[in-house]
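Here is a short tour of one protein model, written for someone who likes to know the cut-offs behind the words. Have the viewer open as you read.

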Amino acid sequence: MRILLGVTGGIAAYKAVLLLRLLREQGHAVRVIPTRSALEFVGAPTFEALSGEPVSTEVFDDVPGVQHVALGKGADLVIVAPATADFMARAVAGLADDLLTTTLLAARCPVVLAPAMHTEMWDHAATRSNVATLRERGVHVIEPASGRLTGVDTGPGRLPEPEDIAREALSLVDPSSVGAVPQDLAGRRVVVSAGGTREPIDPVRFIGNRSSGRQGVALAQAAAARGADVTLVAANLAQDVTDQVDAARGAAGRLACSVVSVESTAELRSAVRAAGTEADVVVMAAAVADFRPAATPDAKIKKVPGHGPAPIELVENPDILAELAHERLRSDQVVVGFAAETGDASGSVLDHGRTKARRKGADLIAVNAVGSGRGFGTDSNEVTLLDGAGDVVGHASGTKREVADAVWDAVVKLLP
Ligand code: CTP
């Protein structure tokens, strides 16, 4: 494939070097078109050496060759990574004041932008509107990852890992190639629950948890990329994760995934069981509340001055995973759970995971350590995979997408 890799001026430009190397390793011809400010971060010789092609920023560098038209028309795919807020604004306005913007106007192939910037800039109304306009025009804008940004701050705005950008971009041009993603879930129906349940206390309050839904959504996306027909049961996803699902679904059916939104454990249970009757695999990645308020009044609970807080009586929720594992909605169904553990005086993360694996009876349990910035809300994860007897059958760490693929690798081995 002939790929144009646009690089704009942000600190994440160094990751464009890794993306370039990856695309070249996969056998693609890549021509890098940096902006002037991108070259403040990475020098042209680096791009030239790794791509084996000349690098220029200006339309006037090769006037007789009418480079921008030749490059734009000859490309199978344009990827701009990182795409700065300034670059997206210029793309929206149709400016053509350097080789990259001019080439973009001439290109007729799929265009993928991978934005990277500080959270405040990404959230700014101008950027939101520019991203929406670009998406309306058919440009595929990848959701930025969440995590460590330049300096000490963290949040959405981080450039996704080069592997994730390459996979998402290549899947637009040739969904079956998808950077050699195996279609080992083709024809399989899978249900994935994601997010965290909310148990209503009254019409305005709830008991909830910190799950963002990132791991569950990564599982749904990975399964769809591997050919599965996916139902995502989404419980109160974080806003940027919801945006990510919408963006993926908007991209011409690329995510073969239907989404059922739920709030409480009762709703999640009904949705998972309804979709689960037909499913080959059910993955319970949602953080489900163990208890719910015994009663939910229709009216807001009022504070009575001088009387202190009224106690909230809790009752136990059904254990959806254990029910699925013990009942088996379909005899040959593979049931997968997650065990979010912190470890304590009575045992390590893995000890608790083993006990849980045996108690729940699922075919596979992915044990991960949570708390103090780990697991919830971050873009990376680390899990140990246990079978129903509590024996270790695998280990995975990396982005939530990489962990998701490792889980599916293990599931595929269990499928009849
Ligand atoms: N789970 C479930 N229904 C519940 C509670 C949990 O289906 N009522 C599922 C989760 O989706 C996850 C697995 O069970 O796949 C383990 O969840 P976790 O919260 O780690 O375990 P609990 O059973 O709640 O045990 P504990 O809170 O004591 O660690």
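## Ground rules

Contact here means heavy atoms within 4.5 Å. This is a predicted model, in which local features need pLDDT of at least 70, side-chain atom pairs count only at pLDDT 80 or more, and totals for chains, interfaces and linings use all residues. Residues are numbered from 1 along each chain as its sequence is written, and side-chain values use heavy atoms, with hydrogens and water left out.

## The annotated binding site

An unreviewed UniProt entry lists a "binding site" that includes Asp290, Pro318, Asp319 and Lys360; such annotations may be inferred rather than shown by experiment. The listed positions span 71 residues of sequence and are also spread in space, up to 36.9 Å between C-alpha atoms.

Proline 318 is partly exposed, at 32% relative accessible area, and aspartate 319 is partly exposed at 28%. Buried means under 20%, exposed over 50%, and partly exposed in between (1.4 Å probe, protein chains only). Leaving aside residues up to four places away in sequence, proline 318 touches Thr265, Arg269, Arg292 and Glu323. With neighbours within four places likewise set aside, aspartate 319 is in contact with Arg359 and Lys360.

## Nonpolar cores

A nonpolar core is a set of buried Ala, Val, Leu, Ile, Met, Phe, Trp, Tyr and Cys residues joined through side-chain atoms within 4.5 Å. The largest has 38 residues, of which Leu219, Leu232, Val281, Trp408 and Val411 touch the most other members. Apart from it lies another core, of 30 residues, among them Val7 and Leu20.
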